[in-house]
Amino acid sequence: MKVQIAESLTWIGEDLIEEASAESLNIHRGKRRAWRVIAIAAAIMLGMGLWVSTVFRSCGGPVSPEDETYRAEEILSDMRVEMSER
Amino acid sequence: MMEDGAIVALYFARNEDAIRETDQKYGKLCYRLADNILHNRFDNEECLNDTYLAVWNQIPPTRPRSLCAFLCRIVRNLSLKRYRRNSAKRRNPLMEASLSELEGVLAYLAPDALQLLEAKELAAAIDRFLHNLTYEKRYIFLRRYYFFDPIEVIAGRCSCGGGRIRLILFRLRKSLSKFLREEIA
């Protein structure tokens, strides 16, 4: 019975036999793996960048130049008010 | 190496170089296929010689579309016949494992249904099933059940682990069984 099943497979298409007779699978697995590693590395770096910027913000670290100008203007106006009061 | 068409032309010209050229191009492939089934050097060599004789006798008049497939079919058939004749003691345990896996596919089918299916019909159904698979899955299935390669060898050919190959084969057997049940119904 076992051998009969195996024998029936002998009659599958010639194209299939020829395709499978190749020494190795004709797929560039190395290239695919390299792309996967690059994608994972990029995702990790993006995540770390976001985390670092969040930490900086919470510690009052560098802020955007617009915020800096706004704060400077605020300080100047406070000083002006103080001077006028004097 | 010589083109298949040129080798076939040598057969048609009844030139004995045809056998030498065939052996040079496909001898290794045929020997490995016989070895995977018989696992005995003497039997393998006998089978290979019988194959070359069969090819010499069949071409002409036959003009094979694919010499590689033509040779594989003959060497596989002759090896399986010899395997069947061999006593249980001389049987190859690796080949037995592969055959048992294949038998498992048909275990879910009703015995009556199985009797209705002739060998060529079963082959045609498997052919349809294989054409619906991806190239990678088809390659793995045929390396295991047509060329009877051990799992580790297939893993090497596909540059991946044996576990992955086992998993793919398990899933393929399951889906083939389902496909055959639907075909018969």
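## How A meets B

Chain A and chain B share 12 residue pairs in polar contact, counting pairs with both residues at pLDDT 80 or more. That cut-off matters here, as this is a predicted model. On the chain A side, three helices each supply at least two residues of the surface that touches chain B: α1 (2–8), α2 (14–20) and α3 (29–58). Sort that side of chain A by class and you get 13 nonpolar, seven polar and nine charged residues.

How many residues does each chain put into the contact? Chain A brings 29 and chain B brings 43. The size of an interface is often given as the accessible area lost when the parts come together. For chain A and chain B that comes to about 3,700 Å², with 61% of it on carbon and sulfur atoms. There is charge pairing across the contact too: the count between the two chains is five salt bridges.

After the helix comes B:Ser159, and its phi is positive, near 50°.

## Around B:Phe129

Next, a look at helix α7 of chain B (residues 119–131), where B:Phe129 has its place. Is this side chain's residue buried or exposed? B:Phe129 has 5% relative accessibility, so it counts as buried, the cut-off being under 20%.

What does B:Phe129 touch, once its neighbours within four places in sequence are left aside? The answer is B:Leu172, B:Ser175, B:Leu176 and B:Phe179. Take B:Leu176 from that set: 47 residues separate it from B:Phe129 in sequence, yet the C-alpha to C-alpha distance is 7.0 Å.

If you plan to check torsions, start with the loop between α3 (41–58) and α4 (67–85) of chain B, where B:Pro60 is found. The peptide bond from B:Ile59 to B:Pro60 is cis, with omega near -15°. The bond from B:Pro60 to B:Pro61 is cis as well, its omega being near 10°. B:Pro61 also belongs to the loop between α3 and α4.

Now for phi. B:His39, in the loop between α2 (17–38) and α3 of chain B, has a positive value near 55° despite being a residue other than glycine. B:Phe148 is another non-glycine residue with a positive phi, near 55°. B:Phe148 lies in the loop between α8 (135–145) and α9 of chain B. With a relative accessible area of 4%, B:Phe148 is buried.

Key. Residues numbered from 1 in each chain as written. Chains lettered and ligands numbered in written order. Predicted model: local features only at pLDDT ≥ 70, side-chain atom pairs only at ≥ 80, totals over all residues. Heavy atoms only, no water. Contact = heavy atoms within 4.5 Å. Buried area = accessible area lost by both parts, 1.4 Å probe. Salt bridge = Lys/Arg side-chain N within 4 Å of Asp/Glu carboxyl O. Polar contact = N/O pair within 3.5 Å; in protein donor to acceptor, adjacent residues only side chain to side chain. Helix = DSSP H or I, 4+ residues; strand = E, 2+ residues; numbered from the N terminus. Nonpolar A, V, L, I, M, F, W, Y, C, P; charged D, E, K, R; others polar. Buried < 20%, exposed > 50% of the residue type's maximum accessible area, 1.4 Å probe, protein only.
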